Amino acid sequence: MTEMTAPKSPISSKDFADEVREQLKYTQGVTPEQATAADVYVAASTAVRRHLMDSWMKTQQDMVNGNTKAVGYLSAEFLMGRQLRNALLNAGLTEQFNEAVKELGFDPQDVVDAEYEPGLGNGGLGRLAACFIDSLASLGVPAFGYGIQYKYGIFRQEFDEEGRQVEHPDYWLANEDPWGHVDYGRDQKVSFGGKVVEEDGKRVWQPDWSVRAIPVDYMVPGYESGRVNTLRLWQARSYDEFDLLAFNKSEYMEAVEPQVKAENISKILYPEDSTQVGKELRLEQQYFFTCASIHDAIRVFYPGEDKPDLTTFPDKITFQLNDTHPVIGIPELMRVLIDEYGYDWDTAWTITNKTFNYTCHTLLPEALEVWPADLIGKLLPRHLEIIEKINDQFMAELKTLTKDEAKIERMRIVTGGDKPAVRMAYLATYAGSHVNGVAELHSQLLKDVTLRDFSDLYDSKFTNVTNGVTPRRFVKLANPGLSDLITEGLGTDKWLEDLDLLEGLVPLAQDDEFVKKFAEVKHQNKVSFSNFAKKEYGYDVDPNTMFNTMIKRLHEYKRQSLKILEVIAQYADIKSGKVKIEDVTPRTIIFGAKSAPGYYMAKLTIQLINNVARVINNDPDIKGKLNIIFPVNYNIRVAQNLIPATELDEQISQAGKEASGTSNMKFALNGALTVGTLDGANVEIRARVGADNFFLFGMTVDEVEAMYANGYNPAKYYESDPRLKAAIDMVAGGTFSNGDRNTYAPLVSDWLTKDWFMTLADFTAYHDIQSQIETLYADQLEWNRKALLNTANSGYFSSDRSIEDYLERVWMTGPLK
Ligand code: AZC
């Protein structure tokens with residue numbers, strides 16, 4: 001870190017070292033001599049937390065006493081990443097920490113590495129939530145993140161000898177978690193099951209069983225805002241620890257049954273991404289955290305009031321529904337208002353309608369949650385009644401808006417037939433005030449396709465908020481070299497709070513000396529990643545090769561297949577002598593991906609990639625020109641190491657399938673060039689960085705639709721492109737399965753007969769763009785000029801800007817005064 005960017009801080013390194021010593025003594029009970037790096041990590045984290053405490057308490061007081069509406073971000077996932085460096089940055093204690101830890105005889109990196117990354121999310125949706133709460137705090141907006149403290153996060157990935165993914169439990173709480181404060185006194189009761197009876201003309205829910213929701217609070221410090229918000233993650237515990245009767249009868253397993261049942265609710269994150277999982281436990285999780293959060297908000301904003309005036313609730317807090325997972329909160333708030341506080345239906349509806357807004361994160365119809373009505377009825381009988389009544393009201397309202405019976409039928413929240421089901425996206429769209437997609441194209445497609453009937457009749461509810469990423473974690477922490485260069489170029493470090501300032505770098509793209517410095521930073525990042533890859537995985541990576549990265553969940557629509565087929569085709573070209581090895585641009589191709597454990601095709605693709613890597617990396621004919629690596633267990637930490645080192649990133653989903661993407665933004669900010677389709681936020685990235693600085697290829701949404709409509713025949717592409725044919729034949733022929741033709745037969749058969757995401761149709765265009773990429777790469781100065789222009793023009797993709805858009809278009813609130 002340069003002098004210029006060193007944050008001002010209240011204390012000296014010496015003082016901070018004393019504080020760490022004190023924590024070592026009074027919290028860990030060890031002397032500095034006895035301490036391990038893990039001890040120092042806990043002690044330093046606790047010390048940082050103490051520094052944030054005053055701001056945290058002040059923020060909470062101001063939030064409750066002030067007149068600024070707060071934001072409640074309801075999300076089943078918060079993929080936070082490691083906390084220590086981020087907390088240090090925002091507390092202005094980075095330098096003190098580095099010095100103090102050295103004084104205590106430790107390497108700061110070892111201390112930071114003692115933190116086990118919490119993986120409480122699957123991918124983009126969960127990471128977005130983490131970026132958003134960072135930006136809310138940095139902008140000084142009062143906010144709560146509300147979610148679940150899963151005991152087991154996203155599974156830890158391993159590869160077996162055959163290169164297959166194997167899942168292991170991720171017990172991230174095995175060691176002390178210095179960040180989470182368990183607040184037993186502010187627990188909530190969450191009930192399930194039972195029946196609804198009529199009493200004095202009122203519907204009364206008599207639940208069967210209850211669990212105790214205990215908040216675990218995480219501080220969310222803002223950058224340079226002096227504000228610290230709260231991420232409140234609920235943990236499920238049993239009220240009846242123990243069935244003594246059973247215990248005394250020596251039925252030990254039965255004795256702990258209630259406890260097990262309750263604690264199961266927050267036990268594990270569902271490792272599904274972009275698919276709907278219909279599991280009873282998942283619905284229990286969803287109700288568990290939304291119910292606890294709603295009651296918590298009432299407790300926070302009406303402290304000590306027995307009969308609060310909840311007509312003011314929407315002025316106190318606005319709830320953002322992060323996808324459909326928290327949508328059960330809508331009937332819950334209705335129930336609370338009517339059954340617990342005695343409001344009439346219409347008043348409750350007005351309050352509820354004003355309180356909720358919904359963000360949709362997908363275009364895949366199969367990812368929109370639909371719950372069987374009988375399941376909701378079994379778990380939450382009163383909620384089902386309320387949902388049915390909302391549906392009746394909606395149907396009646398629709399009849400006043402349109403004569404189109406078929407349309408009304410299509411829009412049912414509760415579907416008809418003998419197996420009725422509840423469409424959570426429809427419930428959220430009708431019951432909330434606003435609905436937004438996460439990139440311009442996505443929001444448009446939501447209106448035109450996914451929620452077409454709704455946008456016809458309720459157009460004013462629809463809006464767009466393009467996603468963003470926090471520059472604190474993904475530029476400043478991940479890429480200190482680039483951060484210093486940006487600060488040097490702009491003459492200020494204010495860009496970390498106002499990322500639009502990056503535009504000031506545009507003229508410097510004409511300054512060859514500056515571009516060379518930029519290239520040198522990239523090179524150093526490549527060297528760092530090579531060291532990281534060696535240390536962590538034993539990979540030999542040559543920093544003088546092009547770093548070409550594809551990191552994201554493994555999903556057919558994202559088309560990792562397209563990338564691997566192109567790699568195989570290139571390999572086939574070399575093997576057949578069509579391409580001379582001297583003419584190959586040396587590349588390190590880096591994959592990072594987890595697959596949902598039950599997603600067969602995705603898992604087979606992982607296996608294929610690993611085996612292509614094994615064969616190509618070990619083939620002496622390749623002379624090390626192509627090196628494919630697949631770091632296992634991709635996570636935020638790997639991303640922070642890899643993104644700054646990447647030169648070419650892959651955003652090659654089929655057009656119309658990726659809602660937004662957010663790694664695309666991180667890459668552009670860190671000076672990688674993108675090869676991509678016109679999908680999700682790629683469209684906006686390309687518009688901003690300039691068409692000349694983006695490698696576009698592939699079919700557009702309209703072309704894709706036309707091809708579906710006219711009947712798509714993938715075999716035609718296989719027949720007409722000899723490179724594609726050679727690649728698929730290699731896979732089919734057993735080149736990557738020790739001669740076994742069966743291993744990848746399901747993939748091959750899918751490519752040739754189905755290929756729903758049209759990988760084959762885009763293959764030729766994808767190959768053609770590679771030669772442009774290689775030509776440009778040969779001219780390093782020009783390449784880096786374009787890369788710099790990506791950084792300079794990506795300020796828009798700060799999550800601060802996203803939050804400002806939400807404040808203006810959806811939440812109608814702002815920073816604390
Ligand atoms: C993801 C989208 O697939 C991705 O395009 C987007 O950038 C991200 O959300 C953040 O908006 N969606 C999901 O992860 N969806 C689910 C249901 O997990």
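Hi everyone. Before we start, one definition: two residues are in contact here if their C-beta atoms, placed from the backbone, lie within 7 Å. Please also keep in mind that this is a predicted model.

With that in hand, let's look at a pair of helices. On the α23 side, Gln560, Ser561, Ile564, Val567, Ile568 and Tyr571 meet Thr605, Leu608, Ile609, Val612 and Ile616 of α24. Sorted by class, that contact holds eight nonpolar residues, three polar ones and no charged ones. How do the two helices lie? Helix α23 covers residues 560-575 and helix α24 covers residues 600-617; their axes come within 11 Å and cross at roughly 25°. That angle makes α23 roughly parallel to α24, and their crossing is left-handed.

Now for a second pair. Helix α6, residues 124-138, packs with helix α34, residues 799-811, at an angle of about 75°, and the axes are 9 Å apart. So α6 is roughly perpendicular to α34. Who touches whom? From α6 we have Cys131, Phe132, Asp134, Ser135, Leu136 and Ser138, and they meet Ser799, Asp800, Ser802 and Ile803 from α34. This contact of α6 with α34 has four nonpolar, four polar and two charged residues.

Finally, the ligand. It is surrounded by 19 residues, and the closest are Gly124, Leu125, His361, Ala659 and Ser660. In that shell, five residues are nonpolar, eleven polar and three charged. And where does the ligand sit? Both domain 1 (66-81 + 117-467 + 803-811) and domain 2 (519-797) give residues to the shell, so the ligand lies between them.

How values were computed:
Residues are numbered from 1 along each chain as its sequence is written. This is a predicted model: local features need pLDDT of at least 70, side-chain atom pairs count only at pLDDT 80 or more; totals for chains, interfaces and linings use all residues. A residue is near a molecule or strand if its C-beta atom, placed from the backbone, lies within 6 Å of it. Ala, Val, Leu, Ile, Met, Phe, Trp, Tyr, Cys and Pro count as nonpolar, Asp, Glu, Lys and Arg as charged, and the others, Gly among them, as polar. Domain bounds come from an automatic or database domain assignment. Axes are lines fitted to C-alpha atoms, for helices over the stretch in contact, and angles run from 0 to 180 degrees between N-to-C directions. Helices (H or I, at least four residues) and strands (E, at least two) are DSSP runs, numbered from the N terminus. Angles under 35 degrees count as roughly parallel, over 145 as roughly antiparallel, 65 to 115 as roughly perpendicular and the rest as oblique. A crossing is left-handed if the near helix is turned anticlockwise from the far one by less than a right angle, and right-handed if clockwise.
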